[in-house]
Amino acid sequence: MRILIATMQRVPYAAMAVWGLSLAATILFFEIKMGLLAPLSGFGQQVLTGCLLLGLLGYQWVLFAKRVRKDNSHMRQNLTIHRWVGVAATFVFALHAVRFGHVWMTGVSTVFFFIAVTGVFNRTVLGYRKNWMYLVWLFSHIGLSAALFPLVGVHIWVALAYQ
């Protein structure tokens, strides 16, 4: 327990992300309707939170683009922002998620959860002892993120087509 508390003090975004994922999982499994944005209709809230979520997820690719271009300027600052934007995305996902629904919706939610979980268990939190372990983590996190975008595209297309 002492190690867990020390880790959470050292990397506070990890605790926030776990809390956000727990909230999102509870909302999805129990199909809790979130009426936090009361002035908006159900569809209006979905569009607003969906656009915000899309913007947050799109911003996450800035770090990948900087790595591909080998631009290491302000990398520590970009990594910190990347982590906190990921935490914010989990909370917006909790507001946006309604239910698992169709198979592809379950796929979108599952991939999102795996991305967030792999994001939380990064090198700072777990401290991978071998480089190959870090590479497996990195390829998993980026690969799942790449798989999410076509699923999100299908989700947007179907959601707007049926409204």
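**Figure 1. Contacts of leucine 53 in the predicted model**. Setting aside neighbours within four places in sequence, leucine 53 is in contact with Ala89, Val92, Phe93, His96 and Phe112. Leu53 also belongs to the largest nonpolar core.

**Figure 2. The largest nonpolar core and a second, separate core**. The largest nonpolar core has 22 residues. Those that touch the most other members are Leu53, Leu57, Ala89, Phe93, Phe112, Phe113 and Leu148. At least two residues of this core come from each of helix 2, helix 3 (42-59), helix 5 (75-96), helix 6 (103-120) and helix 8 (131-161). Helix 6 gives the most, with six residues.

**Figure 3. Helix 2 and its buried face**. Helix 2 covers residues 12-30, 19 residues in total. From its first C-alpha to its last it reaches 27 Å, close to the 27 Å expected at 1.5 Å a residue. The buried residues of helix 2 are Tyr13, Ala14, Ala17, Gly20, Leu21, Ala24, Ala25, Ile27 and Leu28. Seen down the axis of helix 2, these buried residues fall within an arc of 160°, so they line one face of the helix. Trp19, Phe29 and Phe30, on the other side of helix 2, are exposed.

**Figure 4. The residue that follows helix 2**. Glutamate 31 comes after helix 2. The phi of glutamate 31 is positive, near 50°. Phe30, at the end of the helix 2 range (12-30), is exposed.

**Figure 5. Alanine 159 in helix 8**. Is alanine 159 partly exposed or buried? Alanine 159 has a relative accessibility of 29%, and therefore counts as partly exposed; buried would require under 20%. The C-alpha atoms of alanine 159 and phenylalanine 43 are separated by 9.6 Å, although these two residues are 116 residues apart along the chain.

**Figure 6. The second largest pocket**. The space in this pocket is about 680 Å³. Its lining comprises 32 residues, of which Leu63, His82, Gly119, Trp137 and His141 are the closest to the pocket centre. Helix 2, helix 4 (61-68), helix 5, helix 6, helix 7 (123-126) and helix 8 each supply at least two residues of the lining.

Key
Residues numbered from 1 in each chain as written. Predicted model: local features only at pLDDT ≥ 70, side-chain atom pairs only at ≥ 80, totals over all residues. Heavy atoms only, no water. Helix = DSSP H or I, 4+ residues; strand = E, 2+ residues; numbered from the N terminus. Expected span 1.5 Å × (residues − 1). Buried < 20%, exposed > 50% of the residue type's maximum accessible area, 1.4 Å probe, protein only. Arc of directions from axis to C-beta. Core = buried A, V, L, I, M, F, W, Y, C linked by side-chain atoms within 4.5 Å. Contact = heavy atoms within 4.5 Å. 1 Å grid on protein atoms, 1.4 Å probe; cavity = no way out; pocket = protein on both sides within 12 Å on 5 of 7 lines; lining within 4 Å. Points joined across faces, edges and corners; volume = space filled by probe spheres on them.
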